[in-house]
Amino acid sequence: YDMTEIVDAFGGVELELTGEEMLEVNRNLFNLSREAENEGSKAPIRHDDYFTATDGTHNMIDGEFIGGKYLLNGAQAVAYSRIRYIGGDGERTSRQHEVLKGLLQRAKQRTVFSWPSIVHGVVPHCETSMDFMDMVKQVPFAFGHIKMESATFPGAAEGAYDAKNENGQYVMGFDEELMRENLHRFIYGDK
(Lines give C-alpha, C1' and ligand atoms only; values in the text may rest on other atoms or scores of the structure.)
Protein backbone atom coordinates (compact mmCIF):
# COMPACT_ATOMS: atom_id res chain seq x y z
CA TYR A 1 0.00 0.00 0.00
CA ASP A 2 2.98 2.31 -0.49
CA MET A 3 1.35 4.15 -3.39
CA THR A 4 -1.73 4.83 -1.25
CA GLU A 5 0.42 6.61 1.31
CA ILE A 6 2.40 8.49 -1.35
CA VAL A 7 -0.78 9.88 -2.95
CA ASP A 8 -2.09 10.83 0.49
CA ALA A 9 1.18 12.67 1.24
CA PHE A 10 0.42 14.91 -1.74
CA GLY A 11 -3.09 15.56 -0.45
CA GLY A 12 -4.67 13.36 -3.12
CA VAL A 13 -4.76 13.60 -6.89
CA GLU A 14 -7.37 15.37 -9.02
CA LEU A 15 -8.61 13.31 -11.97
CA GLU A 16 -11.48 13.25 -14.43
CA LEU A 17 -13.46 10.01 -14.04
CA THR A 18 -16.34 8.55 -16.01
CA GLY A 19 -19.30 7.01 -14.21
CA GLU A 20 -18.14 3.60 -15.43
CA GLU A 21 -14.67 4.18 -13.94
CA MET A 22 -16.22 5.21 -10.61
CA LEU A 23 -18.09 1.89 -10.46
CA GLU A 24 -14.84 0.03 -11.17
CA VAL A 25 -13.01 2.05 -8.49
CA ASN A 26 -15.61 0.89 -5.96
CA ARG A 27 -15.19 -2.71 -7.09
CA ASN A 28 -11.41 -2.43 -6.86
CA LEU A 29 -11.61 -0.88 -3.39
CA PHE A 30 -13.65 -3.86 -2.26
CA ASN A 31 -11.16 -6.26 -3.88
CA LEU A 32 -8.21 -4.45 -2.28
CA SER A 33 -9.79 -4.81 1.16
CA ARG A 34 -10.41 -8.53 0.53
CA GLU A 35 -6.79 -9.04 -0.62
CA ALA A 36 -5.53 -7.40 2.57
CA GLU A 37 -7.80 -9.57 4.71
CA ASN A 38 -6.52 -12.71 2.96
CA GLU A 39 -2.95 -11.60 3.67
CA GLY A 40 -3.83 -11.07 7.32
CA SER A 41 -3.51 -7.29 7.29
CA LYS A 42 -5.96 -4.44 7.43
CA ALA A 43 -6.49 -2.52 4.20
CA PRO A 44 -6.31 1.27 4.40
CA ILE A 45 -9.83 1.47 2.94
CA ARG A 46 -12.61 3.27 4.74
CA HIS A 47 -16.34 3.36 4.10
CA ASP A 48 -16.13 6.94 2.81
CA ASP A 49 -13.53 5.92 0.19
CA TYR A 50 -16.35 4.43 -1.89
CA PHE A 51 -18.10 6.67 -4.41
CA THR A 52 -21.80 7.19 -3.83
CA ALA A 53 -24.10 6.12 -6.69
CA THR A 54 -27.01 8.25 -7.89
CA ASP A 55 -29.35 6.17 -5.70
CA GLY A 56 -27.35 7.10 -2.57
CA THR A 57 -25.68 3.68 -2.14
CA HIS A 58 -22.15 2.41 -2.71
CA ASN A 59 -23.44 -0.07 -5.28
CA MET A 60 -20.72 -2.23 -6.82
CA ILE A 61 -22.91 -4.36 -9.06
CA ASP A 62 -24.92 -2.09 -11.31
CA GLY A 63 -24.76 1.36 -9.71
CA GLU A 64 -24.97 4.50 -11.79
CA PHE A 65 -22.43 7.22 -11.09
CA ILE A 66 -22.04 10.75 -12.40
CA GLY A 67 -18.60 11.24 -13.87
CA GLY A 68 -16.60 14.42 -13.39
CA LYS A 69 -13.47 15.83 -11.81
CA TYR A 70 -12.75 14.34 -8.40
CA LEU A 71 -10.02 14.64 -5.80
CA LEU A 72 -9.01 11.02 -5.18
CA ASN A 73 -7.31 9.91 -2.00
CA GLY A 74 -4.57 7.28 -2.05
CA ALA A 75 -6.85 4.23 -1.88
CA GLN A 76 -9.09 5.59 -4.63
CA ALA A 77 -6.10 6.46 -6.85
CA VAL A 78 -4.69 2.93 -6.50
CA ALA A 79 -8.11 1.42 -7.21
CA TYR A 80 -8.42 3.71 -10.28
CA SER A 81 -4.96 2.63 -11.49
CA ARG A 82 -5.94 -1.02 -11.23
CA ILE A 83 -9.03 -0.82 -13.47
CA ARG A 84 -8.70 -3.69 -15.96
CA TYR A 85 -12.13 -4.09 -17.45
CA ILE A 86 -12.47 -0.78 -19.27
CA GLY A 87 -10.43 -0.57 -22.45
CA GLY A 88 -7.82 -3.23 -21.76
CA ASP A 89 -4.24 -3.03 -20.60
CA GLY A 90 -3.32 0.00 -22.73
CA GLU A 91 -5.94 2.16 -21.04
CA ARG A 92 -4.99 0.75 -17.65
CA THR A 93 -1.42 1.90 -18.27
CA SER A 94 -2.76 5.31 -19.35
CA ARG A 95 -4.68 5.58 -16.08
CA GLN A 96 -1.47 4.85 -14.16
CA HIS A 97 0.26 7.62 -16.11
CA GLU A 98 -2.63 9.98 -15.32
CA VAL A 99 -2.18 9.36 -11.59
CA LEU A 100 1.56 10.14 -11.82
CA LYS A 101 0.95 13.27 -13.92
CA GLY A 102 -1.75 14.32 -11.46
CA LEU A 103 0.68 13.96 -8.57
CA LEU A 104 3.22 16.19 -10.30
CA GLN A 105 0.51 18.74 -11.02
CA ARG A 106 -0.63 18.57 -7.41
CA ALA A 107 2.95 19.06 -6.19
CA LYS A 108 3.34 22.18 -8.32
CA GLN A 109 0.19 23.63 -6.72
CA ARG A 110 1.46 23.16 -3.16
CA THR A 111 3.14 25.92 -1.19
CA VAL A 112 6.76 25.78 -0.11
CA PHE A 113 5.53 25.21 3.45
CA SER A 114 3.88 21.90 2.48
CA TRP A 115 7.00 20.45 0.84
CA PRO A 116 8.54 19.05 4.05
CA SER A 117 5.33 17.13 4.87
CA ILE A 118 5.19 15.76 1.30
CA VAL A 119 8.81 14.62 1.51
CA HIS A 120 8.16 13.17 4.98
CA GLY A 121 5.20 11.18 3.60
CA VAL A 122 7.05 9.89 0.54
CA VAL A 123 10.51 9.14 2.00
CA PRO A 124 9.56 5.97 3.92
CA HIS A 125 8.63 4.41 0.57
CA CYS A 126 11.93 5.23 -1.18
CA GLU A 127 15.54 4.13 -0.99
CA THR A 128 18.17 6.85 -1.15
CA SER A 129 21.48 7.90 0.37
CA MET A 130 20.22 11.49 0.77
CA ASP A 131 19.16 12.69 4.20
CA PHE A 132 15.82 14.41 4.82
CA MET A 133 17.13 18.00 4.50
CA ASP A 134 18.98 17.21 1.25
CA MET A 135 15.72 15.90 -0.20
CA VAL A 136 13.74 18.95 0.93
CA LYS A 137 16.35 21.18 -0.79
CA GLN A 138 15.72 19.33 -4.09
CA VAL A 139 11.95 19.83 -4.05
CA PRO A 140 11.84 23.34 -5.61
CA PHE A 141 13.98 22.15 -8.50
CA ALA A 142 11.97 18.99 -9.06
CA PHE A 143 8.53 20.60 -8.82
CA GLY A 144 9.50 23.63 -10.84
CA HIS A 145 11.28 22.09 -13.82
CA ILE A 146 9.86 18.63 -14.43
CA LYS A 147 8.46 18.02 -17.87
CA MET A 148 6.80 14.65 -18.06
CA GLU A 149 6.70 12.74 -21.30
CA SER A 150 5.23 9.29 -21.36
CA ALA A 151 5.80 6.38 -23.64
CA THR A 152 4.68 2.80 -23.34
CA PHE A 153 7.12 0.04 -24.15
CA PRO A 154 6.29 -2.29 -25.69
CA GLY A 155 3.59 -0.60 -27.72
CA ALA A 156 2.14 -0.73 -31.21
CA ALA A 157 5.50 0.22 -32.76
CA GLU A 158 6.99 -2.97 -31.32
CA GLY A 159 4.17 -5.13 -32.63
CA ALA A 160 2.73 -5.61 -29.13
CA TYR A 161 -0.26 -7.89 -28.82
CA ASP A 162 -2.19 -9.59 -26.02
CA ALA A 163 -1.87 -13.34 -25.84
CA LYS A 164 -2.52 -16.13 -23.40
CA ASN A 165 0.41 -18.10 -22.06
CA GLU A 166 0.40 -21.80 -21.26
CA ASN A 167 -1.02 -21.12 -17.77
CA GLY A 168 -4.03 -19.26 -19.20
CA GLN A 169 -2.75 -15.87 -18.04
CA TYR A 170 -2.73 -12.87 -20.35
CA VAL A 171 0.72 -11.65 -21.32
CA MET A 172 1.97 -9.21 -23.89
CA GLY A 173 3.92 -10.48 -26.88
CA PHE A 174 6.24 -8.16 -28.83
CA ASP A 175 9.36 -7.89 -30.97
CA GLU A 176 12.16 -7.69 -28.37
CA GLU A 177 14.84 -6.36 -30.72
CA LEU A 178 12.55 -3.62 -32.06
CA MET A 179 11.62 -2.69 -28.50
CA ARG A 180 15.30 -2.37 -27.52
CA GLU A 181 15.96 -0.10 -30.51
CA ASN A 182 12.92 2.10 -29.84
CA LEU A 183 13.61 2.34 -26.10
CA HIS A 184 17.24 3.31 -26.80
CA ARG A 185 16.04 5.95 -29.27
CA PHE A 186 13.53 7.30 -26.71
CA ILE A 187 16.12 7.59 -23.93
CA TYR A 188 19.14 8.77 -25.91
CA GLY A 189 17.49 10.46 -28.89
CA ASP A 190 19.47 8.40 -31.39
CA LYS A 191 18.16 7.79 -34.86
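Predicted model: local features only at pLDDT ≥ 70, side-chain atom pairs only at ≥ 80, totals over all residues.
Visitor: Are they buried, exposed or partly exposed?

Guide: Arg180 is partly exposed, with a relative accessible area of 46%. Glu177 also counts as partly exposed, at 44%.

Visitor: How many salt bridges turn up in the whole structure?

Guide: A search of the whole structure gives nine. One of them joins Arg27 and Glu24, at 2.7 Å from N to O. Those two residues both lie in helix α2, three residues apart, which is about one turn of the helix.

Visitor: And how accessible are Arg27 and Glu24?

Guide: Arg27 has 26% relative accessibility, so it counts as partly exposed. Glu24 has 8%, so that one counts as buried.

Visitor: What does Arg95 pair with?

Guide: Glu21, with the closest N and O atoms 3.6 Å apart. This pair links distant parts of the chain: Arg95 is in helix α4 (residues 88–109) and Glu21 is in helix α2, 74 residues away.

Visitor: Buried or exposed, those two?

Guide: Arg95 is buried, and Glu21 is buried too. They also belong to a network of salt bridges that links Glu21, Glu91 and Arg95.

Visitor: Switching topic. Which residues touch the most other members in the largest nonpolar core?

Guide: Leu17, Val25, Leu72 and Tyr80, out of 31 residues in that core. The elements giving two or more residues to the core are α1, β1 (13–17), α2, α3 (74–81), α4 and α5. In soluble globular proteins, nonpolar side chains tend to be buried together.

Visitor: What does Val25 touch, leaving out residues up to four places away in sequence?

Guide: Val25 touches Leu17, Phe51, Gln76, Ala79, Tyr80 and Ile83.

Visitor: Back to α2 then. What does Asn28 contact, leaving aside neighbours within four places?

Guide: Asn28 is in contact with Ala79, Arg82 and Ile83. Its place is in helix α2, which covers residues 19–38. Between Asn28 and Ala79 there are 5.1 Å, C-alpha to C-alpha, although the two are 51 residues apart in sequence.

Visitor: Why does Asn28 count as buried?

Guide: Because its relative accessible area is 11%, and buried means under 20%.

Visitor: Last topic, helix packing. At what angle do the axes of α1 and α5 cross?

Guide: Roughly 175 degrees, and the axes come within 8 Å of each other. Angles over 145 degrees count as roughly antiparallel, so that is how α1 and α5 run relative to each other.

Visitor: Which residues make that contact?

Guide: From α1 there are Glu5, Ile6 and Ala9, and from α5 there are Ile118, Gly121 and Val122.

Technical notes
Residues numbered from 1 in each chain as written. Heavy atoms only, no water. Axes fitted to C-alpha atoms, helices over the stretch in contact; angles between N-to-C directions. Helix = DSSP H or I, 4+ residues; strand = E, 2+ residues; numbered from the N terminus. Parallel < 35°, antiparallel > 145°, perpendicular 65-115°, else oblique. Contact = heavy atoms within 4.5 Å. Buried < 20%, exposed > 50% of the residue type's maximum accessible area, 1.4 Å probe, protein only. Salt bridge = Lys/Arg side-chain N within 4 Å of Asp/Glu carboxyl O. Core = buried A, V, L, I, M, F, W, Y, C linked by side-chain atoms within 4.5 Å.
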